[in-house]
Amino acid sequence: MRFDWSKLGRTPPAGLVTARNLAHHAGQWPTKAARANLKSRADDSHSAYTWDAAHAALVTHALPAKGGDVRVGVRLARLELIVTRGDNVLDAFQFEARTDEAAGAWIDSKLRALSLKPAGEVDLPYDLPDHPTGGRPHQLGKLGRELGELSRWFAGSADVLEEFAARLRASPVLCWPHHFDIATLVNFDEGRSENPRSIGVGVSPGDEYYAQPYVYISPWPRFEGGNLPDLPRPGHWHTEGFFGAVATGEDILAMKDRGRELLAFITATFEISREHLGA
């Protein structure tokens with residue numbers, strides 16, 4: 001495991017809400033760039049990001065630009081948009097003291113210079129809460145620690161999920177711009193059109209259900225009835241809004257060997273869910 005989980009915990013998990021909301025909105029510019037320039041896929045994965053450990057950023061799939069493929073992303077620790085080609089950052093836009101509108105104008109100018117379609121003309125097929133800045137310039141001076149911690153949560157989550165997915169015939173590990181969770185999916189009934197069985201495994205940086213990061217293992221179809229299988233500690237079943245086994249960021253930070261114990265929790269819960277599905 002490449003990520004050093006001992007580096008997490010400098011900021012309490014529940015203290016990342018503002019940083020997460022700002023990063024979530026910033027990340028909509030890269031996904032708009034992808035939607036404008038990549039062929040649509042039925043599962044919407046063309047619009048998703050991957051975690052780029054070298055740049056500590058969430059980045060799009062490769063965009064076919066003049067002079068060679070590029071990726072557009074958001075580097076969380078600095079809250080900046082980046083355009084990369086291979087290992088190189090071609091340009092960057094820092095949000096500090098600048099508006100979201102200015103970010104859109106910047107990314108569109110970079111895309112046009114690369115003979116790509118602009119992101120600003122894309123309408124997203126989902127709604128987000130109002131932008132936390134209310135259209136005013138970003139003020140990030142007091143959020144440096146929180147943004148750095150958020151970046152480490154994504155880095156550690158990607159590391160664990162990649163190792164888990166490599167053991168199974170799982171989908172690529174992607175971050176989804178709508179809910180901002182990073183996840184993989186194991187489909188047990190590929191090609192079966194009626195109620196195929198699957199288990200999604202991912203980490204959310206926090207949402208309306210939990211004001212902190214959390215890992216989830218979400219079987220489908222959801223288990224009905226009140227007799228749910230027992231889970232390994234520190235997991236619990238979440239049944240309102242979505243169905244899945246959950247361990248919170250606070251639970252994860254309480255683990256002695258965080259990365260290995262989190263992977264063990266995910267694996268054990270996945271096997272319990274698979275057995276219950278009969279897969």
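**Exercise 1: A salt bridge and its surroundings**

Glu 80 pairs with Arg 78 in a salt bridge whose closest N and O atoms are 3.5 Å apart. The model is a predicted one. Determine whether Glu 80 is buried or exposed.

Solution. Step one: the relative accessible area of Glu 80 is 2%. Step two: buried means under 20%, so Glu 80 is buried.

**Exercise 2: A link between helices**

Identify the helices in which Arg 260 and Glu 163 lie.

Solution. Step one: the side chains of Arg 260 and Glu 163 form a salt bridge, at 2.8 Å from N to O. Step two: Arg 260 belongs to helix H6 (residues 258-277) and Glu 163 to helix H4, so the pair ties together parts that are 97 residues apart in sequence. Step three: Arg 260 is partly exposed, at 38% relative accessibility, and Glu 163 is likewise partly exposed, at 21%. Step four: Glu 163 also meets Arg 167 in a salt bridge of 3.4 Å, N to O.

**Exercise 3: The largest cavity**

State which element supplies the largest share of the lining of the largest cavity, and describe the lining by class.

Solution. Step one: the search of the whole structure finds one cavity of 30 Å³ or more, and the largest cavity holds about 30 Å³ of space. Step two: its lining includes Trp 153, Phe 154 and Ile 182. Step three: H4 gives the largest share, three residues. Step four: by class, the lining has six nonpolar, two polar and no charged residues.

How values were computed. Residues numbered from 1 in each chain as written. Predicted model: local features only at pLDDT ≥ 70, side-chain atom pairs only at ≥ 80, totals over all residues. Heavy atoms only, no water. 1 Å grid on protein atoms, 1.4 Å probe; cavity = no way out; pocket = protein on both sides within 12 Å on 5 of 7 lines; lining within 4 Å. Points joined across faces, edges and corners; volume = space filled by probe spheres on them. Helix = DSSP H or I, 4+ residues; strand = E, 2+ residues; numbered from the N terminus. Nonpolar A, V, L, I, M, F, W, Y, C, P; charged D, E, K, R; others polar. Salt bridge = Lys/Arg side-chain N within 4 Å of Asp/Glu carboxyl O. Buried < 20%, exposed > 50% of the residue type's maximum accessible area, 1.4 Å probe, protein only.
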